Amino acid sequence: MRSMPLTFCAAAAAALIAVPAPAALASPAAPAGDDDRRTGTVSVTPSTIAPGRKVELWVDVCGKGREATGNSDAFSSEARFRPADDNGLFAEARIRDDAEPRSYDVWVTCKDGRGKATGTLTVVHHNRPSPAAPVKAGGGGAATLAQRSTEAEGPGTRHTVIGLVLAAVAAVAVALRSSRRRRGPAGS
């Protein structure tokens, strides 16, 4: 008897969980006025990297021709931004050799003090196997390394949203089927 309200509550909860995800992913827009404080997001490429490598940083909150500095606990030194083609700023930063495998915050401050941007990057340690015997021809160990890198990523936001939508559809289908069973046959 209580399965109908329970089913609808589950469907409503799944819908509420799925709705805020796109809103949370949207980055705040920078105000048009030059005198206002601007906030934005730092684009970090690649977002997952090993220690000792370099990342590219892009930001557009400071405006064309301006300067900015970027910092992170993962960086070996401060990143200095220079103007890029698309009215934004560009910098490269090297990841510390002793950086622990985890997520790190990245923050950028415009030189004029009017803009700030934040982002994240993930440091991973790749334990590459060393061959104990001669490597056989035909691919070596490259196939296993490629497979490990895709497994480490896991499902993303898109997969989560799709799963929640499918769960909501299943809950509605169960509710409809339960309500049809309660009504009984059509000709009775």
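Contact here means heavy atoms within 4.5 Å. On this criterion, and leaving out residues up to four places away in sequence, Ser-72 of the predicted model touches Tyr-104, Asp-105, Val-106 and Trp-107. Ser-72 belongs to strand β5, which covers residues 68-72. Its relative accessible area is 8%, under the 20% limit, and Ser-72 is therefore classed as buried.

The largest nonpolar core comprises 25 residues, of which Val-55, Leu-57, Phe-75, Phe-81, Ile-95 and Leu-121 touch the most other members. Strands β4 (54-59), β6 (79-83), β7 (89-94), β8 (103-110) and β9 (115-123) are the elements that contribute two or more residues to this core. The largest share, four residues, is supplied by β8.

The surroundings of Leu-57 illustrate the packing in detail. Apart from neighbours within four places in sequence, Leu-57 is in contact with Val-42, Ser-43 and Val-44, with Phe-75, Ala-79 and Phe-81, with Leu-89, Phe-90, Ala-91 and Ala-93, and with Val-106. Among these partners, Phe-75 and Phe-81 are also listed with Leu-57 as core residues that touch the most other members.

Strand β4 presents two faces. Val-55, Leu-57 and Val-59 make up the covered face, whereas Lys-54, Glu-56 and Trp-58 make up the uncovered one. In a regular strand the side chains alternate between the two faces of the sheet. β4 is paired with β2 in the antiparallel sense over three bridges, and with β7, likewise in the antiparallel sense, over six bridges. Trp-58 takes part in both pairings: Trp-58 is the bridge partner in β4 of Ser-43, and the bridge partner of Trp-58 in β7 is Phe-90.

Trp-58 and Phe-90 are also related through their rings. A pair of aromatic rings is described by the distance of the centres and the angle of the planes. The structure holds one aromatic pair, formed by Trp-58 and Phe-90, with 4.6 Å from centre to centre and 50° between the planes, a tilted geometry. The pair links distant parts of the chain, since Trp-58 lies in strand β4 and Phe-90 in strand β7, 32 residues apart. The two partners are assigned to separate accessibility classes: Trp-58, at 38% relative accessibility, counts as partly exposed, while Phe-90 is buried, with a relative accessible area of 11%.

A cis peptide bond connects Thr-45 and Pro-46, with omega at about -10°. Pro-46 is placed in the loop between β2 (43-45) and β3 (48-49). For context, most peptide bonds are trans.

One disulfide is present in the structure. The bond joins Cys-62 to Cys-110, with an S to S distance of 1.8 Å. The disulfide is left-handed, because the torsion about the S-S bond of Cys-62 and Cys-110 is about -90°. Cys-62 is located in the loop between β4 and β5 and Cys-110 in strand β8, so the pair ties together parts that are 48 residues apart in sequence. Both cysteines are buried: the relative accessibility is 1% for Cys-62 and 3% for Cys-110.

Definitions and conventions: Residues are numbered from 1 along each chain as its sequence is written. This is a predicted model: local features need pLDDT of at least 70, side-chain atom pairs count only at pLDDT 80 or more; totals for chains, interfaces and linings use all residues. Side-chain values use heavy atoms; hydrogens and water are left out. Buried means under 20% relative accessible area, exposed over 50%, partly exposed in between (1.4 Å probe, protein chains only). A nonpolar core is a set of buried Ala, Val, Leu, Ile, Met, Phe, Trp, Tyr and Cys residues joined through side-chain atoms within 4.5 Å. Rings of Phe, Tyr and Trp (its six-membered ring) pair if their centres lie within 6.5 Å; planes under 30 degrees apart count as stacked, over 60 as edge-to-face and the rest as tilted. A disulfide is a pair of cysteine sulfur atoms within 2.5 Å. Two strands pair if DSSP finds at least two bridges between them.
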